[in-house]
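Hi everyone, thanks for making time today.

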Number of protein chains: 2
Amino acid sequence: MLRVRALDAVGRILARDVTALVDVPPFDRAVVDGYAVRSRDTVSASPSSPVLLRLVKTRRVGPGEAVEVATGDPLPEGADAVVMYEHTSKAGPDIIEVFQPVPPFGNVSRRGEDVQRGQVIFRKGHIVTRLDVALLASSGNIEVEVYDISVALVCTGDEIFDIDKVSNLEELERLYLEGKVLNTTRLVLEHFLQQFGVKVHYVGAVPDDEQEIATIVDKCVEKHDMVIVTGGTALGKRDVTVRAVSKLKPKFMWTGLCIRPGRPSGIAILRGKPVLLLSGFPAAAVAGLLSVGKLVLEHLIDAKLELSLISGIVTRRVAKPPHLRAFVRAYACVDRNSGEIRIEPLAVTGSGLLTTLTRGNVLIEIPELEEGIDENMRVIAYLLGKVYYCQEQ
Amino acid sequence: MLRVRALDAVGRILARDVTALVDVPPFDRAVVDGYAVRSRDTVSASPSSPVLLRLVKTRRVGPGEAVEVATGDPLPEGADAVVMYEHTSKAGPDIIEVFQPVPPFGNVSRRGEDVQRGQVIFRKGHIVTRLDVALLASSGNIEVEVYDISVALVCTGDEIFDIDKVSNLEELERLYLEGKVLNTTRLVLEHFLQQFGVKVHYVGAVPDDEQEIATIVDKCVEKHDMVIVTGGTALGKRDVTVRAVSKLKPKFMWTGLCIRPGRPSGIAILRGKPVLLLSGFPAAAVAGLLSVGKLVLEHLIDAKLELSLISGIVTRRVAKPPHLRAFVRAYACVDRNSGEIRIEPLAVTGSGLLTTLTRGNVLIEIPELEEGIDENMRVIAYLLGKVYYCQEQ
């Protein structure tokens with residue numbers, strides 16, 4: 001837990017419910033330009049028989065008086081309403097005519113109208129945006145408490161290399177010719193973890209060496225709240241990550257998850273810290289993160305991490321085997337004719353495909369006991385990106 | 001225009017269409033663990049009469065041979081398919097039995113399957129996410145060209161103060177008692193401008209002084225691509241911003257916009273640079289930014305800035321006067337029973353209300369010639385925040 005200034009809380013998880021410490025607005029204020037008046041003085045006003053009021057320059061409005069105010073000004077003492085310029089005219093240097101009655105608190109934004117002192121404005125677990133800072137600060141929350149969750153990310157694999165290591169296209173092509181693979185899983189996981197409001201420390205690309213992986217995971221457990229290891233998490237003979245973590249004698253460990261993609265996911269508890277094992281493939285790693293990683297993070301913050309949702313009509317059938325939870329990447333767009341959101345499941349042959357993550361702006365989760373989704377069915381899915389109008393075919 | 005490394009492009013606007021410079025994946029690769037084979041060698045395989053293949057350790061698969069591969073490995077030369085471990089068994093140290101035929105390119109992700117060289121992967125005007133970096137870099141775009149649009153933000157008003165100036169609740173309360181107002185418009189505009197991918201330079205809170213505002217705007221026009229001035233933009237006598245900007249002899253200037261909120265919006269062209277005048281109230285400033293500011297930015301980048309959309313059913317009627325474009329803040333959530341998105345217009349008395357911007361996650365734009373929106377009507381709205389399940393009533 002960390003106490004930070006409201007602006008520094010942007011992108012972080014609130015560690016407590018936040019209540020307003022003052023009323024917003026803190027005083028009654030004018031919402032138009034005009035004259036602050038006592039509404040009862042205007043009751044008989046009409047275009048043919050205007051009410052005459054004396055214009056004063058004090059901070060107090062007495063019977064038969066008016067004070068000029070601009071939008072946003074605090075209401076002067078004694079006044080309970082504001083008459084717009086449009087409903088008045090000047091009848092002399094210090095006299096105005098009012099042509100319409102104004103009800104009590106007409107054209108006034110009342111103290112506490114936006115938020116009342118003591119009211120909960122954000123719940124624990126909420127991830128702060130810059131927009132929220134305006135409300136936090138206005139309501140007296142100059143500082144707030146946020147979680148300081150730090151996640152270490154270790155990507156394993158003899159074949160992977162990082163984008164930072166490449167300075168031009170020729171270098172990239174040379175690495176590709178050697179059969180090397182760009183570590184995209186790191187970028188994809190960083191994207192999602194940041195959206196969850198946690199700080200990610202990318203440790204680096206580590207070769208498929210049991211001892212080396214074990215040493216690094218062991219160090220990371222010391223320094224971070226959670227460790228994520230990607231790659232080598234299946235049970236094949238080249239999957240050294242599982243063996244490396246087992247070697248550290250976790251208190252608890254299981255591997256293999258009934259999700260698709262993401263079967264080679266797992267979790268271990270090492271000295272009280274969660275170690276999440278995720279597939280080396282981007283889409284599979286995301287599915288594992290959303291299934292298990294999210295639960296672990298929720299446990300660490302003792303609050304729900306809500307993903308943004310969208311609802312729409314699926315354009316084609318997707319089947320799946322039973323007893324398996326499927327995460328289907330799909331593309332949502334707004335149909336100009338029907339106004340409805342169309343959700344088009346993307347064809348995938350492997351969990352390594354990147355375009356299904358970048359083009360796919362939604363993720364449909366199909367629970368274990370369902371057989372799939374039917375064409376024209378309404379589904380609620382996770383919203384991962386922006387939604388635009390559909391391109392006409 | 002600026003050439004930056006793909007990772008540094010996050011949050012910025014692409015200045016050109018981006019095409020893939022290499023195939024993704026760059027080679028045919030295995031999508032399962034197993035044995036790379038020539039598919040025609042497996043045609044006659046069955047559980048009762050398995051095909052025997054010789055296991056070799058070379059990078060080439062000849063007739064009757066197989067090479068062990070892990071998920072993600074490049075397919076060895078000569079092979080065109082991968083048999084999963086599950087469909088094989090070891091019949092000797094160098095011999096495997098295959099129990100099922102595998103079709104050509106079975107369990108293989110083909111070169112260029114994700115993206116083909118030359119294919120457009122992102123359009124000019126797209127705002128880069130960290131997820132996109134994975135595809136940019138994989139496809140050979142180690143560097144990309146982004147716009148380097150810098151917007152100066154000047155907030156005017158004797159009454160406003162900045163959050164940075166306040167260190168505790170007591171100070172805030174003292175300022176409130178003096179009738180001062182926290183400059184929330186700055187935070188709200190920064191939020192939206194960042195989402196548009198532009199860099200915002202907040203110049204500070206400037207008093208209502210015609211000469212001072214003119215001097216600052218003049219300086220900002222020199223250094224930035226666009227200047228936004230908030231507050232004092234109506235035509236009341238305390239609205240000095242309009243007079244300050246007029247004084248600088250703009251080539252073109254108009255003020256007052258038929259939108260609600262946001263009527264006191266305007267634009268001027270000073271030495272070829274756009275100067276946008278926006279209301280000092282947060283919601284009105286946002287409406288002005290989305291109506292005029294967005295068009296100006298689109299002109300500067302010569303591309304569309306698409307806002308994310310949502311579609312749902314409105315829960316109550318909203319009327320508006322004709323010949324006025326209205327921006328209605330609303331709260332969208334997913335109804336657990338119907339699965340539909342419900343959009344509830346928020347009651348507002350003034351454009352100063354902050355909760356309608358923080359609680360309101362969507363903005364409905366009602367065009368000039370429409371009279372409003374009806375209950376149970378489907379609307380397409382701008383999505384400004386996250387969408388969750390509705391709280392049960």
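Leaving out residues up to four places away in sequence, A:T88 touches A:G34, A:Y35, A:V83, A:I96, A:E97, A:V98 and A:F99; two residues are in contact here if their C-beta atoms, placed from the backbone, lie within 7 Å. Please keep in mind that this is a predicted model, where local features need pLDDT of at least 70 and side-chain atom pairs count only at pLDDT 80 or more, while totals for chains, interfaces and linings use all residues. Residues are numbered from 1 along each chain as its sequence is written, and chains are lettered from A and ligands numbered from 1 in the order in which they are written.

Back to our residue. A:T88 sits in strand β8 of chain A, residues 88-92. Helices (H or I, at least four residues) and strands (E, at least two) are DSSP runs, numbered from the N terminus. Is A:T88 buried or exposed? A:T88 counts as buried, because it has 22 C-beta neighbours inside 10 Å. The cut-offs are 20 or more other C-beta atoms within 10 Å for buried, 12 or fewer for exposed, and partly exposed in between. Also, 41 residues along the chain separate A:T88 from A:P47, yet their C-alpha atoms are 9.4 Å apart.

Now let's zoom out to chain A. It has seven helices and 29 strands, and 50% of its 393 residues count as buried. Its C-alpha atoms fill a box of roughly 95 × 50 × 45 Å along the principal axes.

Next, where do the two chains meet? The contact takes 73 residues from chain A and 73 residues from chain B. On the chain B side, α1(B) gives the most, with eight residues. That side has 40 nonpolar, 20 polar and 13 charged residues. Ala, Val, Leu, Ile, Met, Phe, Trp, Tyr, Cys and Pro count as nonpolar, Asp, Glu, Lys and Arg as charged, and the others, Gly among them, as polar.

Finally, a helix pair within chain B. Helix α3 (residues 184-195) and helix α6 (residues 282-301) of chain B pack at about 30 degrees, with axes 9 Å apart. The contact uses B:T184, B:T185, B:V188, B:L189 and B:F192 of α3(B), and B:P282, B:A285, B:V286 and B:L289 of α6(B). Those residues divide into seven nonpolar, two polar and no charged. Axes are lines fitted to C-alpha atoms, for helices over the stretch in contact, and angles run from 0 to 180 degrees between N-to-C directions.
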